[in-house]
Amino acid sequence: MKRHFHELSVAGTLVLLLLVLAVLAPGFFEPQPLLSRLATAAPRLVVACGVALVILTRQIDISIGSLFGVCSVAAGLVATGPTGIPGALATSMLVGAVGGAVNGTLVAGLGLPSIVVTLATMVTLREGLRLWRQGVFINLPDAMQWFGLPMMRGQAVVCLIAVGVLVALALMTRHLAAGRYLYAVGSDAEAARLAGLRPRLTTFLVFVGMGALVGAAAVMNLVQSPQVDPSTGRGLELEAIAAAVVGGVAVSGGRGSLWGVFAGFLLLSCINPALTYLGVKPYWDKASQGAIILLAVVADGWRRRRGGT
Amino acid sequence: MTKSFFHLLSAAIAMAALLGTGCGPSNNSASGDGATQTAGGSGKKLMIALMPKSKGNAYFVSCKQGAERAAKELGVDLVFDGPTNPDPAKQNEIIENWITLGVDAIAAACENRDGISTALRKAQAKGIKVITYDSDAQPDARSFFVNQATPEGIGYTLMDEAGRLVGPSGEFAIITASLTAANMNEWQKHIEARRKEKFPNLKMVALRPCDDLKDKAQAEATTLLGAYPNLNLIMAICSPAVPGSAEAVKQAGKAGKVKVIGLGLPSENRRYVKDGVTDSVILWKTEDLGYLAVHAAKGLADGTLKPGAKSYQAGALGQFEIVGDHLLLGKPFIFNKDNIDQFNF
Amino acid sequence: MMNPALRRILVRHETLLVVVLILEVLFFATQGRNFLTPDNLTNIIRHSVEIGLLALVMMPIILTGGIDLSVGSLLGLCAVTFGKLWRDAGWGWEWAALGTVVVGFVAGGGNALLITALRLPPLIVTLGTYSLFRGLAEALTRGVDAFTGFPEGFLFLGTGQWLGLPAQAWLFGLVAVGIGLWVHNTTFGRSFRAIGFAPEGARYAGVPVERRLALAYVLAGVVAALASITYTARFGTAKADAGTGYELAAITAVVLGGTSIFGGVGSVGGTLLGVAAIAVLTNGLSRLPATMSSASELSGVFTGVLLLLALGAGILPKAIAALRDRRSSAQTPAQPVP
């Protein structure tokens, strides 16, 4: 109980919000728009899980929004060719993994600070993509949408993939040696090295994995509409990082769980629709978002302060 | 540490001095350059600068294509630059850079009417000819406005279209790019004025921003459809929001029941218009807009277009009427099922 | 305090930047059109004052190992506050400016309080206030309201010339010299460095860590307010979207200037050079015939590349040494990854 106080407090806030909605706007829980909303959110959850792993190893990646756009465009261009969905998925994940490998090489190989490296790749990728594509939409073949399934099933598949990624990563970080490495490297890279782990390789692989997840998420997003907007993914990095830290992943590395990320993600992605359902004016969006982030972290800080750690 | 700081300070001062002395000669040659250019006119290629509200936006890319065609026909150099995101302060910075670059004419689409006028007035004071297109600045900050549609015209057309589709009473929601986008706020004002005057029982129930992203617009529209089950129409006033909203309506199975209208490009909306999801898309010929903007800017720079003129002959596009200081491109089109295939931008 | 080897690296980084800057100037002066004219130099200075001010206060924060993502949003909030006080409350612009600085002080104080009293990571706190401040600016104006029609006397601050330099350059110079002296010549500044190196060590050495940290964040708030005033005076309009993205531009300049993002290492001079290198690049690209029409995108791309190169150059010797180390220690065949 005490160890999971943070996760529980975030989950509690979420439940509170859902209760308010249940009373004031029960329409929020109607199955169909709810499933659509979950499907829209699913790719973002995958990205948030990925960035949580990065933060666990005491790094950060702010290039994921730009990379998401690049992967979407690459997948979109390939999807119009003969290889169809598998080709698009493979391309997207490959492009993502290569992008991640570039970040990973600079961070793990050369020992450069990840926030600066990914700041640089963020602007380079974003502006490069703009130069290349000029913002023109890409039309996708019809067979691409919902993986060729009927809509509801397609939505379910997208959601299941996201939950699958979440559960797999949660179990991995909790129970597999590879998962524990992340915590070890994130808490103290030098100690991890002395214990026989390879912190640089771990960090590198985490970045590659992050990129591949971004690529997969891009395709999960792609199948939900027949056109690719090359600006897609703008601002995604902050959304994902906010979900991870609100969910209790410590930016100092080595502390946090993916269940917490899940709770943080659900809380943050509920705010905007909740405000629409409650009829709150849109100019309160950002202020509410900021207030809730602060509330979540302040509650945690306050508790730790009083706990006397 | 202290030492190295002052080391640097002195280095910086030395740099400044270097820049200072460097200014002298090149300054002279530069102003000499400028003089021959404005005086000679025919001797040197004119340089026309065209500014979009933001780059990487399909609407302005389409304008740019027309502008390039005009530049080629007229034999002028075209510079096309603008902020990468709709950032009004950045527009001013680019215009100020163009002033010192020494362009001959500027054609700008203004994100923030008052803000950009400061920079445009400065350009005029330096003898640079200024016109605006797409969205106007203050009248004293430019010679002509290439008017494809006034904010009033856009607002009224949208509202009338909504009224025609929904009937005298019902609910509608607006999806905009951001709450701070100046021109969209201007349109909303006119939409609201028209609503009050002609359709008082049509209720605007919600306004949502989509950050100029199609995917976000789709998510917002899905939420709106759930939150307002009696919604009759979604009005999307930034171009990515039109296909985004249409996709949401289609997925919710409410095609035909909830109408979608908006301002957007035919190419991005063709499939929805044909499927009967989107009822009408309102736009003008964007390529012609870019063409006319550059043509008129050149006309102003070489004297073929003078203040007070009643019409302007714009190359391949023919004659355009001038009312006051507005060069009229023509009325906005309403694209629908019947005519959308005739347009490919 | 600082070992000589580190100092050499520091000096070298800034020398490198001076070289980059000179190369940029030479290149654009010869290849670009009307680059080295007084008017254009005025432009370069004017356009970089706000980001420069934010970079100057970001630098001590990064020196302590912290970060402030909220400065751009705070600039927007302050610009809107200034407009409200001047137009709606009817204050004179001087008083409105003073009121704005107070708001900046309070907002910076809020960040400081959360970071020091609750010992929360600055990244998270300022990520929250990044949304909060921008959100408040939008809520105050409903996003729609824009303030304009400011008096000439006020606009002079942003558009006028004084003693041959743009008016806001004097303010910028004053802040730069002030922060330079403060960071490099006082015990305060040295304690920032100490905090960045080892916060616990600094605490044991008797440095009031919390109070020093708080000061850095409060100062960021105050200077963000000043930047909002020069921004409004230059642009002539105040709106809730003012300063969007400026926090990243400021951080980029600071890091390009050689301040370590981990804290402990950096100089104000380097930060100024970082600001200048980006400003000259952005301006210069708009005057090359080949890049005129893609200047906005290319300045982003090149800034990113420059940042990586600068970082790479900084650690190159160390990295080579580390690589050699690893190679000699890893004679055994590589183990499969678990």
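Which residues does C:Ala238 touch, not counting residues up to four places away in sequence? The views below come from a predicted model, where local features need pLDDT of at least 70, side-chain atom pairs count only at pLDDT 80 or more, and totals for chains, interfaces and linings use all residues. Residues are numbered from 1 along each chain as its sequence is written, chains are lettered from A and ligands numbered from 1 in the order in which they are written, and side-chain values use heavy atoms, with hydrogens and water left out.

**View 1. The surroundings of C:Ala238.** C:Ala238 touches C:Ala79, C:Asp145, C:Ala146, C:Phe147, C:Phe150 and C:Thr232 (contact: heavy atoms within 4.5 Å). C:Ala238 is buried, at 0% relative accessible area (buried is under 20%, exposed over 50%, partly exposed in between; 1.4 Å probe, protein chains only).

**View 2. The largest nonpolar core.** Here you can find 287 residues, and those with the most contacts inside the core include A:Leu258, B:Trp284 and C:Ile251. Such a core is a set of buried Ala, Val, Leu, Ile, Met, Phe, Trp, Tyr and Cys residues joined through side-chain atoms within 4.5 Å.

**View 3. B:Leu327 and its contacts.** Leaving aside neighbours within four places in sequence, B:Leu327 meets residues including B:Phe145, B:Leu292, B:Tyr312 and B:Phe320.

View 4. For A:Cys49, the nearest cysteine sulfur belongs to A:Cys159, 13 Å away. A:Cys49 is buried, with 0% relative accessible area.

Methods. Disulfide = S-S within 2.5 Å.
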